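I opened a new structure today and kept notes as I went. Here is what I looked up.

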Amino acid sequence: MNTTDLRHVVQKAVETAKIVDVHTHLYPPCCDKLLLRGIDDLLTYHYLTVETLRYGEIGPEKFFALPKNLQADIIWDVLFERRSPVSESCRGILTTLNSYGLDPTSESLGSIRTFFAELSLDEHVDLVLEKSGVKSLVMTNNPFDEEEEPHWGPGFIKDERFRTALRIDDMLNSPQAALKKLEQRGYNVASDTGGLDYPAMKKFLSDCADRIKPVYLAASLPPDFDWSEGSAGYGILRDVVLSYCEESGLPIALMIGVKKLINPVMGLGGDGVGFSPVEAVAKLCLENPHVKFLVTMLARENQHELAVTARKFPNLMVFGCWWFLNNPSLVEEITRMRMELLGLSFIPQHSDARVLDQLIYKWKHSKGIIADVLFDKYEDLARTGWQVSAEDIARDVEMLFSGNAKEQIGIK
Ligand SMILES: [Zn+2]
């Protein structure tokens, strides 16, 4: 295959690849209002609110007191009309609108709103999944979320495009409040000796799993997450969560590195990032060889050590470039480095989408970069005399966009 053909074959294979998106914050259509979608949700997502507030034209208190549509008007005015929208979050909005055939340079925000208002919920979901190439996605399902949990019935897991993941952050990061809620639900989690009744807590996990059939358990952990006797959440993580994972065969996904609310007035946009000791991940993998760990870290500075650690542990699957890492320059650097260290044994991206339409731009932008990296690697191979066929390329691409994920989370 000559260079032009190679580029064409790689681009085509990546463009048409079906995706298993291993981590999102989306919901199936049956959850109705819980699923964020459309232009106002896109514009008022915290990526863009903080960028708008940086210009200081309106204070956060005044801004957040406004209704959503007025917040969206301000964001549109500040970021798109009076400046060029060069940030990745702004470009994402434009890529998304463009894929719907909307031209924001000639259409008003009003006519863009009309386009979305005319889509039914089911039509909207079908359209986005088709445009983004996402075949199935994994949600984030928190048993302590009072808005979401009441939806947990048979209808909740009927749509197989939307898979569940049991989010157990509250048990690890704010155990006191979580334990109180467990007691209220009839789980006697305080033992007679004054400690915690781990079997009762495990029963709670298994009851939750019976209800929603999760493909993995998940937790977001702070940068200072540690795994050693006496560290925060150690007993619950070892004797409840990991013990349950080992018994059930379910993997655990750990998302490490969010520094919560470094500026609380920014609301959901107030979180920062912190460097984490990767030794904790290595120790977890070493001491729990029968548990599968899916790990993603938020700090750029953690990426190399995490990839090196994954080389040593077949039970460690590295995935995605999220939030502050989901920028083209960083996605490229990280994907290239991971491929050089791990071959094809990683999950290059997940969307982390919280607004349905974000799936479109997040995957379009990531696919472009992953295709470039793959092409470069095949070209390097060609220089050694190793030729890849179109079938080889199709096989590799399938692994990266769905095969590795399906194998990890046990779906077809
Ligand atoms: Zn997330």
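Which residues touch the most other members of the largest nonpolar core? I found Tyr-216, Val-241, Ile-252, Phe-293 and Val-295, in a core of 111 residues. Helix H16 (residues 358-383) gives the most to this core, nine residues. I took a nonpolar core as a set of buried Ala, Val, Leu, Ile, Met, Phe, Trp, Tyr and Cys residues joined through C-beta atoms within 7 Å. Buried means that 20 or more other C-beta atoms lie within 10 Å of a residue's own; 12 or fewer means exposed, and in between is partly exposed, with C-beta atoms placed from the backbone. Helices (H or I, at least four residues) and strands (E, at least two) are DSSP runs, numbered from the N terminus.

A note on the source: this is a predicted model, where local features need pLDDT of at least 70, side-chain atom pairs count only at pLDDT 80 or more, and totals for chains, interfaces and linings use all residues. Residues are numbered from 1 along each chain as its sequence is written.

I checked Phe-293 next. Leaving out residues up to four places away in sequence, Phe-293 touches Pro-251, Ile-252, Leu-254, Leu-284, Cys-285, Asn-315, Leu-316 and Met-317. Contact here means C-beta atoms, placed from the backbone, within 7 Å.

Then I traced an open sheet of five strands, in the order S4-S5-S6-S9-S10, with parallel pairing. Two strands pair if DSSP finds at least two bridges between them. Strand S4 (166-167) and strand S10 (316-318) are at the edges with a single partner strand each, so one side of each has no neighbour in the sheet. Strand S9 (residues 293-297) runs parallel to S10, joined by three bridges. Leu-294 has Met-317 as its bridge partner in S10.

**Strand S2**

Four of its five residues are buried. Three bridges join S2 to strand S1 (residues 19-21), in parallel. Ile-19 has Val-134 as its bridge partner in S2. S2 also pairs with strand S3 (residues 162-163), parallel, over two bridges. There, Leu-137 is partnered by Phe-162.

**Helix H3**

My last stop was H3 (residues 46-54). Is Tyr-47 buried or exposed? Tyr-47 is buried, as are Leu-48, Thr-49, Thr-52 and Leu-53. The buried residues of H3 pack against helix H2 (39-43), helix H4 (60-64), helix H5 (68-81) and helix H6 (88-99). Just after H3, Gly-56 takes a positive phi of about 70 degrees.

Terms used. Contact = placed C-beta atoms within 7 Å.
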